[in-house]
Amino acid sequence: MSTTSQSLSRGRRRRGRGPDASPAVIRDVNYRQLRNPFPLMEVFPADQIADMHETALRMLEELGIKVLLPEARRLYAKAGARVDEDSEMVFIGRDIVETAVASAPKSISCRAGARHRDFTLELGSLVFQPGAGAPNATDLVRGRRPASGQDYLEFLKLTHHFDVFQMISPQVEPQDVPTHLRHYFTTKAQMELTDKFPFFFSRGTPQVSDCFQMLAMARGLSDEEFASNAYCYTIINTNSPRTLDIPMAQGLIDFARYGQMSIITPFTLMGAMAPITVAGAITLSHAEAMAALALTQIANPGAPVCYGTFTSNVDMKSGAPAFGTPSHFQASLAAGQLARHLGLPWRSAAGSAANINDVQAANENQFGLWGCLMAGATVIIHSAGWLEGGLTVSFEKMICDAEVLNMIAELCAGAQAGTSEIGFDTALSEVEPSGHFFASSQTMERYNTEFYEPHLHDYANFGTWTERGSVDANQRATGVWRGILNDFKAPPSNSDHIGALHDFIARRTEEGGAPPES
């Protein structure tokens, strides 16, 4: 059961109802197509944002970007960029960038495995993803460990369960699955266990081609249908400062040519791979994002692409990445201003550097999350579960963070103040002075559906909580994720399509799979 009816099957019956009474009303909410209702914040004046944009264009023209893939350099050169083959440097004129920004779609229709899972990425829309890409997993039952295929499957099931996660993310790397076969394992799992919008790594054309074919088979898509909409996405990280490596450049080209979506994400840590100031780091990130954006549009004008940033600071005492800091918050606001300057949907991130699911983890994730929300981010990745700056994803933290995201989703629905909500006839006029509203017509009509019902938080008083064993939120989260996994049911799928997928994987495995390219 998804959390649009989260814990809603537990709907309380009205007091005094007999066994023949009609079933309790189920609270029905839609967390699948969200809009950001919050006023946007700006960290820099408009003229300074314009200066940052101009400086980024100047960087691309005068300083250039190192591009390691020969095919990418050829495409840039064909579009008019100046290329120095000896140094692998590409100098991109502002006219190329402006043409690319003009052709990049401002609204991207994302087609999931079921139509009710579809969503649109554009300025103003809001999509959440869990933490992604961690080599380790942790929980209170099994401890911290290298992530396995079983961990991947379990996180996938949890992601599917919570409607507030609209996109699948590669939460952990299944390190017990060989790299030349790993994309078969992860794609098969996504096709069988969820109907949400899937993710594929960009680790060379052979793996990407395999993934595209598997997706088309499992979803019953023709070549024309597949090319006509975004059915999957990848995340492209530049190597800051000013480097685009071979698999990332190839991924931009491959996804663009097939009409699939790239989310471009320079990872700029202030004081390490980027200037120590927010303005300098975001200017560098902006330049790298525009360079990658240009490559997608040169390869296929109109290809879906999402502007992105992941900028925070390092701890200057240890050199370790820090997240959920004031500088992280400010960087998100600045990135939002630059994304709106271009008019493109964009991706930002929350996250935590805490080592366990404690108050530091909660504080950092929520502070980073609100920075993204106030910045108007379209896609917020690492919104749940992330620990150790991305080295670990926690089962308990994912459950705790999902509670917060559900409450944010409730705010996205907006409050109403019509006649029935004000309730003059059904509440205000029914209750005498010093009375109570427990039995008013409005309360009796709405008590099962009016308020958000948590899947984790406990509103019992201290005495009741103590009698129940004094179980804290972290311990309750363990019970929640174990219950979800125990009760999990995969969405329906076409057996013929899945059979064809299995045959393809068996054949490609027999042929030796597809090693990642570097």
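Arg32, Arg117, Asp163, Phe165, Gln166 and Lys196 line the largest cavity, which has a volume of about 40 Å³. This is a predicted model, in which local features need pLDDT of at least 70, side-chain atom pairs count only at pLDDT 80 or more, and totals for chains, interfaces and linings use all residues. Residues are numbered from 1 along each chain as its sequence is written, and side-chain values use heavy atoms, with hydrogens and water left out. Happy browsing through the rings, charges and strands below.

**Cavities**

- Across the whole structure, a search finds 2 cavities of 30 Å³ or more.
- A cavity here is a set of points, on a 1 Å grid over the protein atoms alone, where a 1.4 Å probe fits but cannot get out, and lining residues have an atom within 4 Å of a point.
- Grid points are joined across faces, edges and corners, and the volume is the space filled by probe spheres set on the points.

**Aromatic pairs**

- Rings of Phe, Tyr and Trp (its six-membered ring) pair if their centres lie within 6.5 Å, and planes under 30 degrees apart count as stacked, over 60 as edge-to-face and the rest as tilted.
- The count by this rule is 19 aromatic pairs.
- One of them is the stacked pair of Phe155 and Phe395, with 4.0 Å from centre to centre and 25 degrees between the planes.
- That pair links distant parts of the chain, since Phe155 belongs to helix α4 (residues 149-161) and Phe395 to helix α12 (residues 395-413), 240 residues apart. Helices (H or I, at least four residues) and strands (E, at least two) are DSSP runs, numbered from the N terminus.
- Phe155 counts as buried because its relative accessibility is 1%, and Phe395 does so at 0%. Buried means under 20% relative accessible area, exposed over 50%, and partly exposed in between (1.4 Å probe, protein chains only).
- Phe197 and Tyr233 are also stacked, because their ring centres are 5.8 Å apart and their planes lie at 5 degrees.
- Phe197 sits in the loop between α5 (182-193) and α6 (205-219) and Tyr233 in strand β10 (residues 233-236), so this pair ties together parts 36 residues apart in sequence.
- Phe197 is buried at 0% relative accessibility, and Tyr233 is buried with a relative accessible area of 0%.
- Phe119, Phe197, Phe199, Phe201 and Tyr233 make up one aromatic cluster.

**Charges over rings**

- A charge sits over a ring if NZ of Lys or CZ of Arg is within 6 Å of the ring centre and within 35 degrees of the ring normal.
- Phe395 has the charged end of Arg142 over its ring, 5.1 Å from the centre.
- Phe201, a member of the aromatic cluster, has Arg203 over its face at 3.7 Å from the ring centre.

**Salt bridges**

- There are 28 salt bridges in the whole structure, each being a side-chain nitrogen of Lys or Arg within 4 Å of a carboxyl oxygen of Asp or Glu.
- Arg145 and Asp139 meet through their side chains in a salt bridge of 2.9 Å, N to O, and both residues are buried.
- Asp139, Arg142, Arg145, Asp151 and Glu154 are linked in a network of salt bridges; Arg142 is also the residue whose charged end sits over Phe395.
- In another salt bridge, the closest N and O atoms of Lys188 and Glu192 are 3.1 Å apart. These two residues are separated by about one helical turn because they are 4 residues apart in helix α5, and Lys188 is partly exposed at 29% relative accessible area.
- Arg446 and Glu450 form a salt bridge with their closest N and O atoms 3.0 Å apart. Arg446 counts as buried at 19% relative accessibility, while Glu450 is partly exposed at 39% relative accessible area.

**Strands and sheets**

- Two strands pair if DSSP finds at least two bridges between them.
- Strand β5 (residues 107-110) and strand β6 (residues 119-122) pair in the antiparallel sense over 4 bridges, and Ser107 has Glu122 as its bridge partner in β6.
- An open sheet of 3 strands runs in the order β13-β15-β16, with mixed pairing. Its edge strands, β13 (267-270) and β16 (321-322), each pair on one side only.
- Strand β15 (residues 310-314) pairs with β16 in the antiparallel sense over 2 bridges, and Val314 stands opposite Pro321 in β16.

Technical notes
On a 1 Å grid over the protein atoms alone, a cavity is a set of points where a 1.4 Å probe fits but cannot get out, and a pocket is an open set with protein on both sides within 12 Å along at least five of seven lines; lining residues have an atom within 4 Å of a point.
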